[in-house]
Amino acid sequence: MSKKNQTLGEFIIENQSSFKYTSGELSRLINSIRLAAKVVNHEVNKAGLVDIIGTAGDTNIQGEDQQKLDVYANDKFIQTMTKRNIVCGIASEEEDDFISINSQDENHQNKYIVLIDPLDGSSNIDVNVSVGTIFSIYRRVTPVGTPVTIEDFLQKGNQQVAAGYVVYGTSTMLVYTTGHGVNGFTLNPAIGTFYLSHPDMQFPEDGKIYSVNEGNYIHFPQGIKNYIKYCQQEEGDRPYTSRYIGSLVSDFHRNMIKGGIYMYPKSSMNSNGKLRLLYECNPMAFLAEQANGKASDGFTRIMDIKPTELHQRVPFICGSKNMVSKAEEFMRNA
């Protein structure tokens, strides 16, 4: 079979033996994410309709207004994964605390936990800009047969067994890794099937795009300010092009394909940074490293940071390897 015509389901089956644990559970979990993504995609694509857009009249744990689609996506992903009898726990950016899930035999036999940002970039929904879903999968560390605890969720990113994102854009793509490279699948909406469209995705080692909210420039650390000025200098292959969508999934996706760096540093407004370590930074860092890229908080590898709380925020610099290393150099020398 031509790789180009390979469906996501076929790819999962063919590559199941390369998973660290081959019981089939991880395959079923990726399949459940695929199913939920199709359901959410259908809803996102009619977001211009009056009954969908707008806020849900509530705020999430971060204090941000929840869009109706945020709530919808959160519910769909939690429902789908819970019903499949695979996960023992889920943590969502939209939930105050983690959710413990018992197995169907009621003996807590399930082995995987999932951390999810159900609809990243949701402030862009009502202006028709791409949004996405980010997911991160670990094996539990507490004994099988017991309910999950916070310890299962506060694992370093280097313990992830899979991570990925869905970008709901001009075409809908599911991109994921299980630690053996990164592959992208594009949804054919006519038949509801994801096809392998981007095998073995790689960040170019160098890029010409920098992605940062320059409106916050005045609040950034000096090292980031210096790096931005470096990006703008006319020298060699610079100045670089500035591209910032404000939807992490979309910015990351573009930079992985074209070569670039994404930065969400700490600032005088967000002293720890704004992005969440567990729902956004760790999964994107895993993908970046599997695609020949790099992810850092400016000084430390993202996936080596030991989480201390569920909704922890960290500074985030991610993208083409040489660009991230150069930004780190500016941070060290500031």
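User: What makes a residue count as touching L119?

Analyst: In this predicted model, L119 touches V40, V44, L69, D70, A73, I125, V131, G132, T133 and Y168, leaving aside residues up to four places away in sequence. Each is listed because a contact is defined as heavy atoms within 4.5 Å. Local features need pLDDT of at least 70 and side-chain atom pairs count only at pLDDT 80 or more, whereas totals for chains, interfaces and linings use all residues. Residues are numbered from 1 along each chain as its sequence is written, and side-chain values use heavy atoms, with hydrogens and water left out.

User: Why is L119 called buried?

Analyst: The relative accessible area of L119 is 3%. Buried means under 20%, exposed over 50%, and partly exposed in between (1.4 Å probe, protein chains only), so L119 is buried. L119 belongs to strand 5 (residues 112–120); strands are DSSP runs of E with at least two residues, helices are runs of H or I with at least four, and both are numbered from the N terminus.

User: How do you know that L119 belongs to a binding site?

Analyst: The assignment comes from an unreviewed UniProt entry, which lists E93, D117 and L119 as "binding site". These positions are spread over 27 residues of sequence, yet they cluster in space, with a largest C-alpha distance of 9.2 Å. UniProt positions follow the numbering used here, feature names are shortened, and annotations may be inferred rather than shown by experiment.

User: What makes the pairing of E93 and R276 a polar contact?

Analyst: Their side chains are joined at 3.4 Å. A polar contact is a pair of N or O atoms within 3.5 Å; within protein, one must be able to donate a hydrogen and the other to accept it, and residues adjacent in sequence count only if both atoms are side-chain atoms. E93 lies in the loop between strand 3 (87–92) and strand 4 (99–100), and its relative accessible area of 5% makes E93 buried.

User: Why is helix 6 described as mostly covered?

Analyst: In helix 6 (residues 248–258), 9 of the 11 residues are buried. Among them are L248, F252 and M256. G259 follows helix 6 and has a positive phi, near 95 degrees.

User: Is V127 buried or exposed, and how do you know?

Analyst: V127 is exposed, because its relative accessible area is 53%. V127 sits in the loop between strand 5 and strand 6 (131–139).

User: Which residues does the cis peptide bond join?

Analyst: The cis bond joins R238 and P239, with omega about 10 degrees. P239 is in the loop between helix 5 (222–232) and strand 12 (241–242).
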